[in-house]
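Please read these points next to the model.

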Amino acid sequence: MSLSAVTVALQFFLFTFAVLNASGAQTLTITPGKGSTFNISRSQDKGSGCTVCSGAGRSRQCGPFALLRDNGAYSVEFNCAKPHDVFSVEIVRNIECTTKSCNGHIVLTESDSLPLLQFDRTFTWNLKAPTAQAFQIDFTKMGLRQINPSESCPDKHTFTLEARGNVSIGKYCKKGTIISAQVLNQGRFSLHVPAKQKLQNAKFDVSTGEKIKSLAIIKVLVPEGTSSSELFSPNYPNSFSDDDMIEWDFQVPAKHKTYVQFSNHMLPQCRKKPALEYQSKRNVNFSLSMTDTKPVQTEGNFSLILRNCEMDRRHKNSPGLNLNFKVSAAKMNSPVVCSVASQKGFSLYIEKKRPGSECELKMKSVTQEKITVPPGSTTQVSLQDCLPEDLHITARTVIECYQLKDCPKAPVLLTVPVLPDCLPAPLSNVTWTLRSPPHGTVELRSPNGTLRQSLPGQPCNDSIVVKLAEDDGTCLGHFCSQGAIKKVQIHTNMTVTAYSTGNKAQMSPKPVLSAFFREEISDRYIFTVSPKKGIPVHVATPGWPGGMKPHSTVSWIVSVPSGMGAHLMFANLSQPKCSKGHASIWVQSLGSQEEMYSRREDEEADSEITVYKSFYLNMSNCLPEKDSFSVVTQITLHKNKNLLLTVILSVVAALLAIFSIVLAVVCVVIRKKKKKLHHQVSIYNPNGTSSWPEPNGIPKSLDDDSHVYATIEDTLVYTHLLRKGEEMGIYGEHDTYQEFTGPTDAPKPAVSMTTVPNKVEGNDYRSFRPPSHHAPPLPNRPPSQGQHMVDNELYHNELYHTERQSEEGHFPDVTGSRELGPRLDPEGGN
């Protein structure tokens, strides 16, 4: 190989290496364990340009997913810099059970998936049992706790159990009261672990279950002492499947009383109503009503069986069946002494909710209805026969600063405090009172990114809802996470109250909001909103559905991306009658004084408008004399159709401009080319010889006195005739017309019936074909020349009559009584 070839090859290698490095491709080696299948797939809404490649040579395949089976090591290559942001991994194993045993157990280990630690991982076990028989999973060593599907687990390990037909039995976290589950015939058990989260090793035994008639049987072990467990029907919050059944078995310790209370439910339209049955091991059976607000009290082991009906599908909007209930337990006639220590800055309040209940609350051996634990102190509390439903526990704290320069520069995290396990009830709510300096503002942000306002038709599904209010109790609204509100600014002292929804077992000890102390703002409240395309955002005036405070103002700063438009709909608008000032709604362009919309309470307001740039939406109240001022605004982003039309018109205009320029250039080029071409020329020869140009130019046989013209103007044709005629005395200097006085009885010229194109003889007459424009009149000739002087119009008439008579075979006198004499031309004429 020559030196140049080596150089080229080396350059190509370096170029290829540089391209691979620049592309950020990553390569991993994965070895699936025995019986395992790795499914690497790309999220539909992420990284459409990123692919995964596996295999080698001709078997190499690239695409949005890769399937790896347990037949050796795989080299997997991702062609993007951060594939863990785009791809997720599912590791699937199969377990089959016979009538006696199963061929494996559920073992949580990450030995064969360590290279994929940076990815979202789901470990899935497909389980199958003989027909009409169940497989059983034992959770005794760990215990599982069922959660709402919208919740997440504190340790980020989330379990899911499914039955045949992809029916979700439930979503679970570790450390709960569920000790086993039997699922009919076949199902799936999975564990989801987020990216960068190490898998915690564990093992769940799998065995052949009983022959059951229900979809699944969930076994719950009620612990000794005071406890509470929350459970959900399959597919919650969606409907349980048609004509199906599920059973919960509760094992209750001795000398314990249990209470069953229904939190939320939804009933379908059925041909026969669904049933919830209570069965006791002491052969006590009865039906329960899901609409009953009173808790059901029982002792000993029992079962609850939820049986769905055959739902009436003729009604499209008919709801299905779902149920959320709580089972609480407490030891009878045995007091529990609890040492309650409040966290720094928090005061705890323990209060009896039901004065007539058997719950007995004591502090220092004195029975009380309410106990207060001051901040930073520890109090001994005695509780006897107290169930979770008997107590209401709250926490409060105050965060304040007096000078803006002394306020914390870092965000203040509003975190839910932790209660001691000995308290039977969870924390009902926690309140933070935020007091800013005289010329300061409290700014609130969500640690999860955004907030949304909870309104009718737009409820919050989170386990925690936040209520914002002024220090005097005036409510601004209720909010939860995952919305479009980026921050809330309030120019007054305020309170933030977090409480659990749906009677949750407890609020997680995590930050609810981040608080900042800022400089004062012009309005009383300002909300910063960043909507997403096609997702409606609902915001309401403070105090909704009640009215705004008199003379108060609120603003929403709404971000509208380029090329988008914001459609605003004003719903539930309530206008007051003002005694002083005006209640107004106005929209102003962000960063300018351009006012896009403005209405007062005494003007008819538009129900909807569209804005095509970021804007302020401002509402201010007057001093109402009657009624109140409130409104719910729906903001929806969509593509700017006007911008699209403008772009189309601009493109068309640009194309027309380009076409005009091209056309002008073409015309100029053609004109230049024409000037360079040899035009055909007409030759006028005053000596009496006429000829057409030959193909190669002017004939060389022309006389020396020939006059060659590229173009001929009629006035130039006759110029030399006029000059020679003047020299011969035929007409005067001024070219005036002289009346003809010559003879009128001269013989008519003989006209030949045939013509020769290029040769003219003395007495031949050819029919005249006039040009596109008339020539100037012929000059006056003296009578001695023997010719009649006629103008062009007369001459044309004569030609017309001559041609008519020529066709008939005779030639009448074209001049009436006059006769044409022999034609005499000046010297050199034709």
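1. Is Cys578 buried or exposed? Cys578 is buried at a relative accessible area of 16%, where buried means under 20% relative accessible area, exposed over 50% and partly exposed in between (1.4 Å probe, protein chains only). Its disulfide partner is Cys622, with the sulfur atoms 1.9 Å apart; a disulfide here is a pair of cysteine sulfur atoms within 2.5 Å. The torsion about the S-S bond of Cys578 and Cys622 is about -80°, so this link is left-handed. Cys578 sits in strand β46 (residues 577-580) and Cys622 in the loop between β50 (615-620) and β51 (623-626), 44 residues apart. Strands (E, at least two residues) are DSSP runs, numbered from the N terminus. Cys622 is buried as well, at 1%.

2. This is a predicted model, in which local features need pLDDT of at least 70, side-chain atom pairs count only at pLDDT 80 or more, and totals for chains, interfaces and linings use all residues. Residues are numbered from 1 along each chain as its sequence is written, and side-chain values use heavy atoms, with hydrogens and water left out.

3. On confidence, pLDDT (the predictor's confidence in each residue, from 0 to 100) averages 78 over the protein chain, and 75% of the residues score at least 70. Residues 744-830 have pLDDT below 50, yet this stretch has 118 contacts beyond near neighbours in sequence in the model. A contact means heavy atoms within 4.5 Å.

4. The whole structure holds nine disulfides. One of them joins Cys338 and Cys422, with sulfur atoms 1.6 Å apart. The torsion about that S-S bond is 50°, and the link is right-handed. Cys338 belongs to strand β26 (residues 336-341), while Cys422 lies in the loop between β33 (412-415) and β34 (427-435), 84 residues apart. Cys338 is buried at 0% relative accessibility, whereas Cys422 is partly exposed at 26%.

5. Another disulfide pairs Cys53 with Cys62, sulfur atoms 2.0 Å apart. This link is right-handed, with 115° about the S-S bond. Cys53 is buried at 6%.

6. There are two cavities of 30 Å³ or more. A cavity is a set of points on a 1 Å grid over the protein atoms alone where a 1.4 Å probe fits but cannot get out, and lining residues have an atom within 4 Å of a point. Cys422 is among its lining residues, as are Lys331 and Asp385.

How values were computed: On a 1 Å grid over the protein atoms alone, a cavity is a set of points where a 1.4 Å probe fits but cannot get out, and a pocket is an open set with protein on both sides within 12 Å along at least five of seven lines; lining residues have an atom within 4 Å of a point. Grid points are joined across faces, edges and corners, and a volume is the space filled by probe spheres set on the points. Helices (H or I, at least four residues) and strands (E, at least two) are DSSP runs, numbered from the N terminus.
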